[in-house]
Structure formats: structure tokens, C-alpha cells
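This briefing is intended for a reader who has the sequence and the three-dimensional structure at hand. The points below are grouped by topic and may be followed on the display.

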Amino acid sequence: MRIPVKFKDATEASKFVVICASYECDVNIYYKRYIIDAKSILGVLSCDLQEHLEVELLSDAAVLQDKFQKEMEAFHG
């Protein structure tokens, strides 16, 4: 499931990357026609932070999905 996110500044984007890096599975950002590794600070900062992005946790574990969705609520623009 893709979750919409938006960042106010680079500091908030950095916090987002730290959260994504805490998961062992892959986490992707969908930006225009690109798929970017959400655990990469350079990848995240290469996006236009003023635009809404979509993030997806690539795991079938419902517990992880729920936890991730709750953590992403901090980044709803």
C-alpha cells in the first residue's frame, strides 16, 4: 500500500530516512516516474520536497505495515 508523504524541509526528510532505514525490508518512494530507495538520504533529497510523494513498505507482514503506516503519519503534508 502506498502512503502519501510530504516534507517541510531537509531535516524532516532526514528523519524520514532514519525511520525507513530501521526496517529490514525494502522501502520505496515513488516520485513522478522514478522509484527511489527511501533509505537513501541522497535519493530522498533528489526529489522535489515541495511535492507530495508516495512511500511503500515492501513487506507482507501486517504488523510491520501497521507500524510503518503509523510512523508515516508524521509526514502527511
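Leu42 has its place in helix H2, which covers residues 41-45. The model is predicted, and in it Leu42 is exposed, with a relative accessible area of 68%. The topics that follow begin with the surroundings of this residue.

**Helix H2 and the surface**

- Together with Ile41 and Leu45, Leu42 forms a nonpolar patch on the surface.
- The accessible area of Ile41, Leu42 and Leu45 together is about 280 Å².
- Leu42 counts as exposed because its relative accessibility of 68% lies above the cut-off of 50%.
- Leu42 and Ser14 are 28 residues apart along the chain, and their C-alpha atoms are separated by 9.7 Å.

**The sheet**

- An open sheet is formed by four strands in the order E1-E4-E2-E3, with antiparallel pairing.
- Strand E1 (2-5) and strand E3 are the edge strands, each of which pairs on one side only.
- From one strand to the next, the twist averages 30°.
- Helix H3, made up of residues 62-72, lies across E1, E2 and strand E4 (53-57).
- The direction of helix H3 is at about 155° to E4.

- Strand E2 (residues 27-31) and strand E3 (residues 34-37) run antiparallel and are joined by four bridges.
- Within this pairing, Ile29 stands opposite Ile36 in E3.
- The hairpin has two residues between the strands, and Lys32 takes a positive phi near 55° there.

**Salt bridges**

- Side chains of opposite charge can pair when their charged atoms come close.
- How many salt bridges does a search of the whole structure find? The search finds two.
- Lys32 belongs to the loop between E2 and E3 and Glu51 to the loop between H2 and E4, so the pair ties together parts that are 19 residues apart in sequence.
- Lys32 counts as exposed at 62% relative accessibility, whereas Glu51 counts as partly exposed at 31%.

Note on methods:
Residues numbered from 1 in each chain as written. Predicted model: local features only at pLDDT ≥ 70, side-chain atom pairs only at ≥ 80, totals over all residues. Heavy atoms only, no water. Patch = residues over 30% accessible without salt bridge, like charges linked within 9 Å, V, L, I, M, F, W, Y side chains within 5 Å. Areas by Shrake-Rupley, 256 points an atom, 1.4 Å probe, with all protein chains shown as cover. Salt bridge = Lys/Arg side-chain N within 4 Å of Asp/Glu carboxyl O. Buried < 20%, exposed > 50% of the residue type's maximum accessible area, 1.4 Å probe, protein only. Pairing = 2+ DSSP bridges. Axes fitted to C-alpha atoms, helices over the stretch in contact; angles between N-to-C directions. Contact = heavy atoms within 4.5 Å.
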